[in-house]
Amino acid sequence: MGDETGTTYDRRSTAEARWESPVHGGERQWEHQHPGEPLEEYLRRGGLAARFGKALPQQMQSALSDVAQALLLPGTVGSAVGALTGALTTAIRERRQTVRALAGCARLAALLDVEPDVDALSYYSHLLAWELAQLPAEQATVPVILLDTFEDTGTRTHRDLERLLQRLVWLMPNSFFIVTGRGRLQWADPALEGQLDWTGHTAWPGLVGQAVPGPRTAGTPTGTGRQVLIGDFSPEDCSDYLARRLTRDGQPLIDTGLRTVIAERSHGLPLYLDLAVLRFLELRRAGRTPAAADFGADFPALLTRTLADLTPDERHLLRAVSLLDAFDLPVATAAAGLSHLSAAARLVERPFVRHDPFALWPYHLHALIRSTLRTADDATDDRWTETDWQRAAARALAALGAQWQNSSGPDRRLLVGCLRQGLALARDHQLELGWLTDAAWAYTDDYVWEPLPLPAREHGDGELATAADALAELLAALARRQHEHRSVTASRLTRVLDSGQLPTGLTEMALYYRAKAHRGLGQNDASRDGMRQVADGGGRLAPAAARGLAHLARAAGDFPTALSTARTLGWPGRGNRVLGDIHFAHGDMNQAASSFTAARTEAEQHGNTGEQAIAQAHLALAYAFTDPDRADDEIALAEQLLAGLDQRATALTVKVAALAREAGALADLDGARALRAEIRAAGITSAEAVLELAIALHHAVLGEHDKVRTVIDRLHALAERGDYAYYADIVHYMARPAPARPIPHDLAGRPGRRPDPVAAARTGTTGTSVGGTPPSRIQQHRKEPRRPMPRDINDDGPRRLSADEQALRDQERRKLLELNRAVRDIESELAGAKKLTRVRNTTFFVALALLMGAGAWTVAVWESSSRFLKPDIICGALALFALISAFLANKALPADSSLDEMEGNLDQHRDELRFFSALVRPGLSEQRALYREDVQALIENYQQDSRKYRRTHNSLQNLVMVGSAFTTTIAALDAKEPTWQNIAVLAISFAITVASMINGYYKFRERSYFLQ
């Protein structure tokens, strides 16, 4: 409510086609009332002056009063019609022309003789339109008529006023009408035939396609009818309206702070602003100073006005959908308990229902209307009781569940949308969980973790008093754990478990994810207890809990237990991923990569995108330590799979893999430090241990053994609780210093073997490599696995070439350098030739101009030889010098080729250089050096151009400023008698003017401030 539709319609283009507008039996009525009497004779007797000039105004005013009282016309419309009647009477009285001219109005006689009732009055506008058409071309004008219909158009109960308005518009095709109201004009709808006189697309082509009027865009054609939805006010418009609405002595009566509060609570609704102004005045009349708290409650009048022009079904439906954030027609109908969609179809056409065709549910109520329906005192006759609201909430919850359960396939967007609205309904109205339990399991199965923001509770202190409260808090904690420290997640889940409100299955979910949070925090004893409870329960999460126990055994170094558990997990427990983690901890990258690839393939077959991203991230991490080239592709695929997912731990794994891939080539460790801070903010101990492993690899590749020992110390500090202690041993083997601790047990329980040093593989000392399975079919376009090569910071491929290949490559590089040098030589020669050509042409034309000028001067002053002799000698000498310069410049030009030939030769060499450059690629070190040189040269070139343009601009600006000051000073000197006092005053004024202009333009103070 409060949205208005402004309709502009211009029917001037159809004036000729519509001019003979039908008047019910006009000609037949004249013949019946005046048989055999011509109209000219009737007018000649003065009937028009007596009857139309005197009787018509009183009759029209009386009839209009009856019409206004009968139809309950609003004041604005009544005033507009009255004004139009007065204008009509005045126009006809003042424009009486000859009798023959008046006889040209074919409908005048019929309108004069008919009884002036409502129907007759509605046709009088035709007379004004005829009068306007009789104006001479130089006096022709198009009247603009504004009508505010408020709520009296677009109603389905009565259209008497709308019929009158339509006749007015139809019978005045040479006028421009602007009609405003809360409902749109539906005249182009053929279904209204019989309710209005003229309907359909043919009669009103400008209103076609305006079922839901939208904002006018830049592409809207001009000259056609259209409807413009004014919509809500912006916050600035709200504040401006309130400031102008009430003023005293030219100042706003409502202060700025209160205007801001009212504007925020109005949500841009104009009606709310009017009601707020009335409340403000009421408070002032009561002797109180209005405050923000006085406008905290919604206005009951807003609710009354909203429901006033709705049918009973629409009012019932409106209250039902106020329980929902968004809805479509079936959901709204089911929530209201109706058996037909027609009421919902009519309701969504109302201006307070917003439409977003791209949303999951396309319709939603205006925020203020929804809030008012839910919280304001309802004084209407059909108001709802608390039981009615409770039943409507139950129906809405069931409708959402039916829509999700009846969907054709897995749809995460629909699942999350139904969960958000369903949880809010169940929580606020204390409903049974029902289908929300299955939806919660579906939400957690895919590891996507979309946010589930719920609105604040309308009542209550935040206690978990019902199962819906506990489930809402559980899912919110799981979604937020990707953005919070694991300790916060553990605390929130403990609160859920302590409430005791969840059913058994969902209690298992809270217990499992709390155990996961404890494991991320390094609290493995608490995590082990929780995992064991879930595993022993044999519920839906028992395989996941068994996987958690395997991870805990691996963290503690008990690899035989971890391995035996992993082999029993299968797909429900993600067994392949667990095996990959175990092999990774042993440095067996071949087996680790194979296990992670199998885990990714399983996830792809089951359509689990979240698990697929996790397995791919671990696969990229495995390759990052031994095969950086392959790791590039795997990291890219991991990032692609993570797009749209909210998996913080997996994203951190990918970042660690990217860091390990660049080991030995990092310019600094700022990125590693930032990543460590991010991991600590998340509270994931295992990720920090893997990060330290990647940093150790970087130092080991560079041979920085003292820094490796620092990393080992940090790993020992992380392992103080007894977990992940083997990472320090892995760093020992990686960098090949003597191990400081016993070697951990391998998969068979024996003392661990010493693997090939990973750092040696990265520096080229050994040829240790990692195998793996080909990439998954989801990225078949990626490159096949390449034979891994050792790589260091300067490893860009050339050293892998044979001697013959290296010799051929050197020869191609020399050829490329020769071509480059030849192109530069030709460019230099061409530039010199162009310069000499410009000098030759310029000097030649200067000499020619001097000779012509001397000749013209001689002819002009021929009578006096003393006057032309000296200038002629000077011009001749200068012309001779210019000709000699032109001759020397022409002689210096290359004789064997012209400019065109030189330019063609340059183009040929450039093409040859371009194609050869595409075939011969310089080495990585050369590319870096060339890049640095080219960038430096480009920067210097830009700096030179910048300084040149700045000097030119500043010089011209100084000339403008000083010149303007000089002009004023010289003008002042001319107006006064020069005395030393005047000169001193002018000099000081000149200096002050120039100084103020220079200081104002260059802003030295601001420059000093920003430099500080």
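Start by selecting helix 24 (504-520), helix 26 (542-555), helix 28 (575-585), helix 30 (609-626), helix 32 (648-661) and helix 34 (685-701): each supplies at least two residues of the lining of the largest cavity. Helices here are DSSP runs (H or I, at least four residues), numbered from the N terminus. This is a predicted model, in which local features need pLDDT of at least 70 and side-chain atom pairs pLDDT 80 or more, while totals for chains, interfaces and linings use all residues. Residues are numbered from 1 along each chain as its sequence is written, and side-chain values use heavy atoms, leaving out hydrogens and water.

Now pick Arg519, Arg577, His618, Ala649 and Ser686, which lie nearest the centre of this cavity among its 31 lining residues. A cavity is a set of points on a 1 Å grid over the protein atoms alone where a 1.4 Å probe fits but cannot get out, and lining residues have an atom within 4 Å of a point. The space inside is about 790 Å³, a volume filled by probe spheres set on the points.

Next, return to helix 32, which gives the largest share of the lining, 5 residues.

Finally, move to arginine 412 in helix 20 (residues 412-429). Is this residue buried or exposed? Arginine 412 counts as buried because its relative accessibility is 19%, and buried means under 20% relative accessible area (1.4 Å probe, protein chains only). Show glutamate 450 too: its side chain makes a polar contact with that of arginine 412 at 2.6 Å. Such a contact is a pair of N or O atoms within 3.5 Å, where one must be able to donate a hydrogen and the other to accept it; residues adjacent in sequence count only if both atoms are side-chain atoms.

Technical notes:
1 Å grid on protein atoms, 1.4 Å probe; cavity = no way out; pocket = protein on both sides within 12 Å on 5 of 7 lines; lining within 4 Å. Buried < 20%, exposed > 50% of the residue type's maximum accessible area, 1.4 Å probe, protein only.
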